[in-house]
Amino acid sequence: MLTKRIIPCLDIKDGRTVKGVNFVNLRDAGDPVELASQYAEQNADELVFLDISATEQKRKTLADLVRKVAHAIDIPFTVGGGISSVDDVEVLLKNGADKVSINSAAVKEPELINKLAAKFGSQCIVVAIDAKQINERWIVHLIGGKVPTKLDLFEWAKEVADRGAGEILFTSMDHDGTKAGFANKALARISEEINIPVIASGGGGEPKHFIDTFTHGKADAALAASIFHFGEISIPDLKKELKNHQIAIRI
Amino acid sequence: MKVVLIDYGAGNIQSLKFALERLNVKATLSADKNEILEADRVIFPGVGEASSAMKKLKDTGLNLLIPELKQPVLGICLGMQLMCSHSEEGDIHGLGIFEVPVKRFNSDVKVPQMGWNMLTNIKSALFQNIRDNEYMYLVHSYYAALCKETIAQTKYGLNYSCALQKDNFYGVQFHPEKSSKAGSQLLFNFLNINS
């Protein structure tokens, strides 16, 4: 049976790991390669690196980091943050990233999803969607949730799947940083309407939230950051708890 | 030991190179016939789409070379699928080493299958020191059906061939280079398998 995945997310700025609370205040949580190796050792199923730096040197620094991570760990990882072209993706995959995640660039140029899927295969194209509820409608947002678009979450999710995305990483901005649970209703609806894997993000604070998102939320994977980085939940303990609740999980 | 990774532009092979380096093997990426023929082990990687990959093999004549190889050969993911008789992906004829067709998963499961799934009914020295029910990392939309060459099964909607073997030819659907310690053990086994 295919197991549910637990995915720590490492926010990267200038080669270092950081994590914002509600995407604003940044705290330093260490060396990404070391942290990645630790997570692999603890049986994390996958990792996501999100580059939030915005300097000229950025692309090169990120490619170097990807190479170091690929050298150090033997589990899959996804790289995202500011990726906007076929060339950007090619550099990251060549350096050893397994998947890339695109967000704003896909909204600005939906055709990019088709191009990437055709060139590299759907399996390595993750489309990240940040959304929050406005007047009871889920609206897609850009720039870490600061800029609303006109896109409806569910319509956009369907479109990215149709264009060839291999996976959706859905972050609820309403839940992110709250540690009060994932956006399970919206997650379940996405899973019901489209046929590619969905990663739940935003709101994981305790093992029960993960159990809920894998059952009620029908998520294929769950992503979290600070609760793992600051040791509030250990991955082995979390996985044990999930297993005890009959969730298919790799121990 | 000389290990060659067959170079036909098959996407990301960096992780595979690194995984072999962790086993102290420096693999060479090559499309050169003599270099491939002289290798002790040949790995046929693959990520991407079947018909364009097959076209690249035909353009370089590697489609004729690979089935003739006498040393242990390991196809990974799309590499394994291309070693089969036919693929629904692009409706292409494969190398025909394994006499089994490759089909697309039904839409009663999410496609692609992405993540860690269990190997069952394992047989072959390729799985030495790997327990039955071990998890491996998979990303794929197409699968090889069960057949007489099946040496490991996985269940995703239905049971399919997660690994195949015929004589010196081995194929695995999962990514050993991404499958943690068990994956590393599998690569180690392949490097040390009797040829």
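Modeller: By class, the lining of the largest cavity has 5 nonpolar, 3 polar and 1 charged residues, where Ala, Val, Leu, Ile, Met, Phe, Trp, Tyr, Cys and Pro count as nonpolar, Asp, Glu, Lys and Arg as charged, and the others, Gly among them, as polar. This is a predicted model, in which local features need pLDDT of at least 70, side-chain atom pairs count only at pLDDT 80 or more, and totals for chains, interfaces and linings use all residues. Residues are numbered from 1 along each chain as its sequence is written, chains are lettered from A in the order in which they are written, and side-chain values use heavy atoms, with hydrogens and water left out.

Biologist: Which residues line the largest cavity?

Modeller: Rolling a probe the size of a water molecule over the atoms shows where empty space is left. A cavity is a set of points, on a 1 Å grid over the protein atoms alone, where a 1.4 Å probe fits but cannot get out, and its lining residues have an atom within 4 Å of a point. Here the lining consists of B:Asn12, B:Ile13, B:Leu16, B:Pro45, B:Gly46, B:Val47, B:Ile76, B:His175 and B:Glu177. The volume of this cavity, meaning the space filled by probe spheres set on grid points that are joined across faces, edges and corners, is about 50 Å³.

Biologist: What is the volume of the second largest cavity?

Modeller: The second largest cavity has a volume of about 40 Å³, and its lining includes A:Asp74 as well as B:Arg22 and B:Ser180. Helix H6 of chain B (residues 180-192) gives the most to this lining, with 3 residues, helices being DSSP runs of H or I with at least four residues, and strands runs of E with at least two, numbered from the N terminus.

Biologist: How many residues does the contact take from chain B and from chain A?

Modeller: With contact meaning heavy atoms within 4.5 Å, there are 30 residues from chain B and 39 residues from chain A. The size of an interface is often given as the accessible area lost when the parts come together. Using a 1.4 Å probe and summing over both parts, chain B and chain A bury about 2700 Å² between them, 51% of it on carbon and sulfur atoms. B:Lys110, B:Met114 and B:Trp116 supply 28% of the area that chain B buries against chain A.

Biologist: How many salt bridges are there between chain B and chain A?

Modeller: The count is 3 salt bridges, each a side-chain nitrogen of Lys or Arg within 4 Å of a carboxyl oxygen of Asp or Glu. B:Lys110 forms a salt bridge with A:Asp220, and their closest N and O atoms are 2.6 Å apart.

Technical notes
1 Å grid on protein atoms, 1.4 Å probe; cavity = no way out; pocket = protein on both sides within 12 Å on 5 of 7 lines; lining within 4 Å. Buried area = accessible area lost by both parts, 1.4 Å probe.
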